[in-house]
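Dear colleague,

Please find below the structure I promised to hand over, together with its sequence.

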Amino acid sequence: MSELAAGDTVLSDADTAARVVVNQHKVEDGKASLLITLTHARGSLALTPDHVLELDGKFMPAREAHVGAALSNGAVIEAISHSRGGIINPITVTGKILAAAATGEPVLAATGNEWLADVMLSAYPKYTLSYALAAAFPAAVQAYYDGALEPLFTAAVPHLTKIKAAAPAPLVGVILVAGDAALATGFAAYSLGLKGVATLAVIAVAAARKGKKP
C-alpha cells in the first residue's frame, strides 16, 4: 500500500475498482502507532484500533474485533495480537478498500478512522472540491497532502474528533463544507508556491481548538 498514490486504482470491494484520492502517511516519519493484527485462516490484517473494517457484516472499529468474528471474505478471526509500527492509509472515492498483509486474502475495510468513516462512506465526498481536484491533479494533490496537510491533520484531528462528536448534524455539515473550501484554497496557494497554505493551517488548527471550548 505504501507504493500507492493519488490517481491509482485499487479494488474497493470484490467487484468494484476505485480511484485513490490521496495516500495518507506515505512519507516516512519514523513514528510508531498502536496496531491490532487480526489473523484468520487465509491471512491477516494489521490496522489501528480506531480504523474501521467490516466485522459480522457491519462496519466497526478494529478495537471491537473478537475471536470468532466474521470478516468480509467469510473467514473468522482466529487470533488477535497487538504491536507498534508504521501506518499507511490510501483514501478511495468509495471510502472502502480490500486490504491485507503482504500475503494472504484481503478483507474489506473502510479508508477512514472511526471519527470520519461515516462521512467517507457516504455519497457526500464525491461532490467535494477536494475530490474533484484529486481527480484532475493527482500528483499535485499527493504532494500537497505530503508537504502541507499531513502535519496539519496530525495536530488537528484529535480536536476535530471532539467537535464532530459534540456538534449537531447540521453544524457538522457546515464544518465539512467550510473545510472542503479551505482545503481547495490551500491547494491553490500551495500549487502557486505561496506561503498562504501555512497561514490556512494555523487558522484551521486555531479554529479547531477554539471550537472544542464551551
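How much area do domain 1 and domain 2 bury between them, and what share of it is on carbon and sulfur atoms? In this model, which is a predicted one, the two domains bury about 870 Å² between them, and 56% of that area is on carbon and sulfur atoms. On the side of domain 1, the residues that lose the most area to domain 2 are Arg 19, Val 21 and Val 22, which together account for 44% of what that side buries.

As for where these domains lie, the domain assignment of the protein places domain 1 at 8–114 and domain 2 at 128–208. Taken over C-alpha atoms, the centres of domain 1 and domain 2 are separated by 24 Å, and the contact draws 12 residues from domain 1 and nine residues from domain 2.

The side of domain 1 that touches domain 2 receives at least two residues each from strand 2 (16–24) and strand 8 (89–92), and strand 2 gives the most, with five residues. Sorted by class, that side of domain 1 has five nonpolar, four polar and three charged residues.

One of the salt bridges joins the side chains of Asp 13 and Lys 96, at 4.0 Å from N to O. Because Asp 13 lies in strand 1 (residues 9–13) and Lys 96 in strand 9 (residues 96–99), this pair ties together parts that are 83 residues apart in sequence.

A further point concerns two helices. Helix 2 (residues 129–136) packs with helix 4 (residues 169–191) at an angle of about 35 degrees, and their axes are 8 Å apart. On the helix 2 side the residues are Leu 129, Ser 130 and Leu 133, which meet Asp 180, Leu 183, Ala 184 and Phe 187 in helix 4. By class, the contact of helix 2 with helix 4 comprises five nonpolar, one polar and one charged residues.

With best regards

Note on methods
Residues numbered from 1 in each chain as written. Predicted model: local features only at pLDDT ≥ 70, side-chain atom pairs only at ≥ 80, totals over all residues. Heavy atoms only, no water. Domains from an automatic or database assignment. Contact = heavy atoms within 4.5 Å. Buried area = accessible area lost by both parts, 1.4 Å probe. Helix = DSSP H or I, 4+ residues; strand = E, 2+ residues; numbered from the N terminus. Nonpolar A, V, L, I, M, F, W, Y, C, P; charged D, E, K, R; others polar. Axes fitted to C-alpha atoms, helices over the stretch in contact; angles between N-to-C directions.
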